[in-house]
Number of protein chains: 2
Amino acid sequence: MESAKKAVVLLSGGLDSATTLAVAKAQDYELYALSMDYGQRHRRELESARKLAAFFKVKEHRVLKTALGELGGSALTDSRIAMRKGKAWKPGAQIPSTYVPGRNLIFLALATAYAETLGAEAVFIGANALDYSGYPDCRPGFLKAFEAAARLGTRMGVSGSPPKIEAPLLHLSKAKIISLGTSLGVPFELTWSCYNGGKRPCGKCDSCLIRRRGFKQAGLDDPLLKKGKGVRK
Amino acid sequence: MESAKKAVVLLSGGLDSATTLAVAKAQDYELYALSMDYGQRHRRELESARKLAAFFKVKEHRVLKTALGELGGSALTDSRIAMRKGKAWKPGAQIPSTYVPGRNLIFLALATAYAETLGAEAVFIGANALDYSGYPDCRPGFLKAFEAAARLGTRMGVSGSPPKIEAPLLHLSKAKIISLGTSLGVPFELTWSCYNGGKRPCGKCDSCLIRRRGFKQAGLDDPLLKKGKGVRK
């Protein structure tokens, strides 16, 4: 018998989206994972997304090509733009060069469209506004505003059942996310966080630093580093 | 000398977007046209978009491939879904099968991302909520809500200058749009409105019917029909 409740889950392949997928599963949603191939430097995360989708036995996993990378303007999609190294972002600092203009706006728009074609009642996103890189499109106010726009701009909204935007990790620290994921059985060794490609994480980008600090604060070892024998030398 | 004011204009190739482009030009914006290749049946409109971009001497014309068609759920992207013929949409009727889930949400998201990379102050869209097909994502409330989301979700918004969403045709009848376009020198013979492909407009889809009624009410001949010797027989 199929579950009636469907959810689209944005799955980048990082530890936040993996934990978000596990949360949606724990809430008994039938899972539809959506990943984006947008010309990111760290395309390796798509491989992680595929493994995670298989691990969590999602009903369907779509990988959409989007032209985001073509528009440029970010260190994540343009190797000519430098990334800051060795220091995690702190509130008050400038938005870093790894910010991708309009990324979550575009991802949520595509996820909402996917939800409409499925009749899904929720769109899950692993946005986090605590241990994050200061991106404006991870802020609670943005997500609320997007939900309002999706309510007004969709057939589902007109008929009274707009898709909810669920961001279960929004107010959790990275350490709490890791503890939550661990309790839900997330295979963190399959996730990928590093902004650079390669076989092993660089250990120096924002994303690596935030991940390392998270595992340390959670009092856990990162199984990815164990498996890969540490960061790149 | 370059104009300092930049605008991204969503250019489908139809008469509304052509008129919108002319309005933005009349407001002295430097023009950046954005068209979408989303697997639409009527890909011919992209050819119109290219000709219109050249006619209005835009600074740049981007045609982005988006995976919208892959998601399905619309008669415009899936030839297995039937289109209503012979009757234009009227308020109160069901949203027609040509509605593309999330289309303007996705187009505006991509246009906003493009505006961010350019530092453009406005995004123009030819949405119209009077003589239209009843799509929820053409309604004024949706556009306002989207603007709010874009303000909160972008670097431009954080720095106090979010892109404005401009929909100059929102409250005009089709006849008024055609009169406005005519006064601004829009070459309507280059535009394409028909939802079906082919060399000549079908004359039967919603879009053809609304166009025909508009020219009639404006007391003008449609130069596209003149040029192509009428609709398909």
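**Exercise 1. Determine the handedness of the crossing of α5(A) and α5(B), and their relative direction.**

Step 1. The crossing is left-handed: the near helix is turned anticlockwise from the far one by less than a right angle, whereas clockwise would be right-handed. Helices here are DSSP runs of H or I with at least four residues, strands are E runs of at least two, and both are numbered from the N terminus.

Step 2. This is a predicted model: local features need pLDDT of at least 70, side-chain atom pairs count only at pLDDT 80 or more, and totals for chains, interfaces and linings use all residues. Residues are numbered from 1 along each chain as its sequence is written, and chains are lettered from A and ligands numbered from 1 in written order.

Step 3. Helix α5 spans residues 140-152 in chain A and in chain B; the two pack at about 160°, axes 8 Å apart. Axes are lines fitted to C-alpha atoms, for helices over the stretch in contact; angles run from 0 to 180 degrees between N-to-C directions.

Step 4. The pair is therefore roughly antiparallel (over 145 degrees).

**Exercise 2. List residues that meet between α5(A) and α5(B), then class the contact.**

Step 1. Contact means C-beta atoms, placed from the backbone, within 7 Å. Among those from α5(A) are Phe142(A), Phe146(A) and Leu152(A); α5(B) residues include Phe142(B), Phe146(B) and Leu152(B).

Step 2. The contact has twelve nonpolar, two polar and no charged residues. Nonpolar covers Ala, Val, Leu, Ile, Met, Phe, Trp, Tyr, Cys and Pro; charged covers Asp, Glu, Lys and Arg; the others, Gly among them, are polar.

How values were computed
Angles under 35 degrees count as roughly parallel, over 145 as roughly antiparallel, 65 to 115 as roughly perpendicular and the rest as oblique. Two residues are in contact if their C-beta atoms, placed from the backbone, lie within 7 Å.
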